[in-house]
Amino acid sequence: MADTVLLRVDAGIATMTLNRPDALNALSVEMMQDLAAAARAVKADARIQVLVIEGAGAHFVAGGDINDFARHLELSAPARLATFRAMIEHHINPTVAVLQSLHQPVIAKVRGACAGFGLSLMLGCDLAIAADDAKFTCAYAGIGLPADGGMSHFLPRMLGRRKAMELLLLADRFDAAEALRLGLVSQVVAADGLDAAVLALAQRLQAGARHAYAEIKRLLNDSFDMPLETQLQSEAEAFARCAATRDFAEGVGAFLDKRKPRFEGR
């Protein structure tokens, strides 16, 4: 990976940093490629128990890089169609698919601008903590685009069709308090407390029952497309798989002993 996306692992907690702070971490073609590589690296690393996604500097991700887009305007319409379709299909879509397939909890750490693909990326995370200075917008319609990065999948499932349509069509900006009211973020904290809040949440998840987390993610991600009978069967199978783990035995024992469980992910 180049320097546009940084990945570090510290005691089981991975941090993926989108690293173009001078451009508000706007997504260039190079960053698309590096982000895909970073997602694959996380999936392949057995040490990782929790993933945090952040932007370098004062912002999360301010959408796509408009300068990159502008360089393609000299192409003919058919060539632009082919170029941008390939860009999304080869880089954005695989990245979103890999991140969604992770069994580890994924936390978005959001400050400053969170727009376009940045908002899509945040919506695809399992939890999101925002600084009180964060500003959000779908952004796409403002430059004549629809959506990418899974936004048209995540947003209506979180907000319903009507509100999702409003946010995408109007592309209005909204603040962290409104993002919390809508349920798009899990928590809003003072900007100077964001690092500590995200670390505390990551460490809490790291100490939890990892098999149960993986099953919870799978069940919730599948639930929108499943009839009740199928979902009930999936719950039964997931429940049984977790009941066969050492963590389940530890959880029951700790409850009976009135102590905090010590899960080991086995």
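Is Gln 231 buried or exposed? Select Gln 231 to begin: at 11% relative accessibility the residue counts as buried, where buried means under 20% relative accessible area, exposed over 50% and partly exposed in between, computed with a 1.4 Å probe on protein chains only. Gln 231 is found in helix α10, residues 228-243, and, not counting residues up to four places away in sequence, touches Leu 219, Asp 222, Ser 223 and Met 226, contact meaning heavy atoms within 4.5 Å.

Before going on, note that this is a predicted model, in which local features need pLDDT of at least 70 and side-chain atom pairs count only at pLDDT 80 or more, while totals for chains, interfaces and linings use all residues. Residues are numbered from 1 along each chain as its sequence is written, and side-chain values use heavy atoms, with hydrogens and water left out. Helices (H or I, at least four residues) and strands (E, at least two) are DSSP runs, numbered from the N terminus.

**The six-stranded sheet**

Select next the open sheet of 6 strands, whose order is β1-β2-β3-β5-β7-β10 and whose pairing is mixed; two strands pair if DSSP finds at least two bridges between them. β1 (5-10) and β10 stand at the edges with a single partner strand each, so one side of each is left without a neighbour in the sheet. From one strand to the next the twist averages 20°.

Within this sheet, colour strand β3 (residues 50-55) and follow its parallel pairing with β5 over 4 bridges, where Ile 53 has Ala 108 of β5 as its bridge partner. Strand β5 (residues 106-110) is in turn joined to β7 by 4 bridges, the two running parallel, and here Ile 107 stands opposite Leu 127 in β7. β7 pairs with strand β10 (residues 187-189) in the parallel sense over 3 bridges, and the bridge partner of Ala 130 in β10 is Val 188.

Now display helix α1 together with the strands: α1 lies across β1, β2 (13-18) and β3, and runs at about 20° to β1. Axes here are lines fitted to C-alpha atoms, for helices over the stretch in contact, and angles run from 0 to 180 degrees between N-to-C directions.

The crossing is left-handed, a term used if the near helix is turned anticlockwise from the far one by less than a right angle, with right-handed used if clockwise. To inspect the contact, show side chains in α1 including Met 32, Leu 35, Ala 36 and Arg 40, and in α3 including Met 87, His 91, Ile 92 and Leu 99. By class, this contact of α1 with α3 has 9 nonpolar, 4 polar and 2 charged residues, where Ala, Val, Leu, Ile, Met, Phe, Trp, Tyr, Cys and Pro count as nonpolar, Asp, Glu, Lys and Arg as charged, and the others, Gly among them, as polar.

**The α5 and α6 pair**

Select helix α5 (residues 151-159) and helix α6 (residues 161-170), which pack at an angle of about 130° with their axes 7 Å apart. α5 and α6 are therefore oblique to each other, and α5 passes α6 in a right-handed crossing. Met 151, Leu 155, Pro 156 and Leu 159 in α5 meet Arg 161, Lys 163, Ala 164, Leu 167 and Leu 168 in α6. The contact of α5 with α6 has 7 nonpolar, no polar and 2 charged residues by class.

Turn to the open sheet of 4 strands, in the order β4-β6-β8-β9 and with mixed pairing. β4 (61-62) and β9 (174-175) stand at the edges, each with a single partner strand, so one side of each is left without a neighbour in the sheet. Strand β6 (residues 113-115) pairs with strand β8 (residues 135-137) in the parallel sense over 3 bridges, and Cys 114 stands opposite Phe 136 in β8.

Finish at Leu 145, in the loop between β8 and α5, which is partly exposed with a relative accessible area of 38%. Leaving aside neighbours within four places in sequence, Leu 145 is in contact with Phe 69 and Tyr 140. Leu 145 and Ala 243 are 98 residues apart in sequence and, C-alpha to C-alpha, 47 Å apart in space.

How values were computed: Angles under 35 degrees count as roughly parallel, over 145 as roughly antiparallel, 65 to 115 as roughly perpendicular and the rest as oblique.
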